[in-house]
Amino acid sequence: MSGSNPYIEEVKYKKATKKFKVTFLPSGKTVEVDPERFPYGHNGLPGSILDISEGFQMGLDHACGGVCACSTCHVVVKEGLESCNESHRCRAR
């Protein structure tokens, strides 16, 4: 399920243009993300941490379908937050 949250103003975002890596903790598994393959899953914005997690079957807990409505996605960005779009930052804190 994917959609939008009517209580959060929609923000335009730039799609990534080159491959990057995401490490999921506590497993420590790192995946290489190819923006040409967005979306990976069926939840969240294409290319969001939730989308990547779903596509690589990393098991990120969530209940709202990626519309910033439930607060069950707990993501900590330890490096690279400056390269995240504003629209992804609510999902990356």
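## Aromatic pairs in the chain

Of the 93 residues in this chain, 31% count as buried, in what is a predicted model. The chain contains two helices and two strands, and from the N terminus on these elements follow the order β-β-α-α. Among contacts between residues at least 6 apart in sequence, 37% join residues at least 24 apart.

How many aromatic pairs does a search of the whole structure find? The search finds two aromatic pairs, and their geometry is set out below.

| Pair | Centre to centre | Angle between planes | Class |
|---|---|---|---|
| Phe38 and Tyr40 | 5.7 Å | 75° | edge-to-face |
| Tyr40 and Phe56 | 5.1 Å | 40° | tilted |

The pair of Tyr40 and Phe56 links distant parts of the chain, since the two residues are 16 residues apart: Tyr40 lies in the loop between β2 (29-33) and α1 (49-55), whereas Phe56 lies in the loop between α1 and α2 (86-89). Phe38, Tyr40 and Phe56 form one aromatic cluster.

As for accessibility, Phe38 and Tyr40 are both buried. Tyr40 has a relative accessibility of 17% and therefore counts as buried, because the cut-off for buried is under 20%. Phe56, at 26% relative accessibility, counts as partly exposed, so the cluster of Phe38, Tyr40 and Phe56 includes a partly exposed residue, Phe56.

How values were computed
Residues are numbered from 1 along each chain as its sequence is written. This is a predicted model: local features need pLDDT of at least 70, side-chain atom pairs count only at pLDDT 80 or more; totals for chains, interfaces and linings use all residues. Side-chain values use heavy atoms; hydrogens and water are left out. Rings of Phe, Tyr and Trp (its six-membered ring) pair if their centres lie within 6.5 Å; planes under 30 degrees apart count as stacked, over 60 as edge-to-face and the rest as tilted. Buried means under 20% relative accessible area, exposed over 50%, partly exposed in between (1.4 Å probe, protein chains only). Helices (H or I, at least four residues) and strands (E, at least two) are DSSP runs, numbered from the N terminus. Contact means heavy atoms within 4.5 Å.
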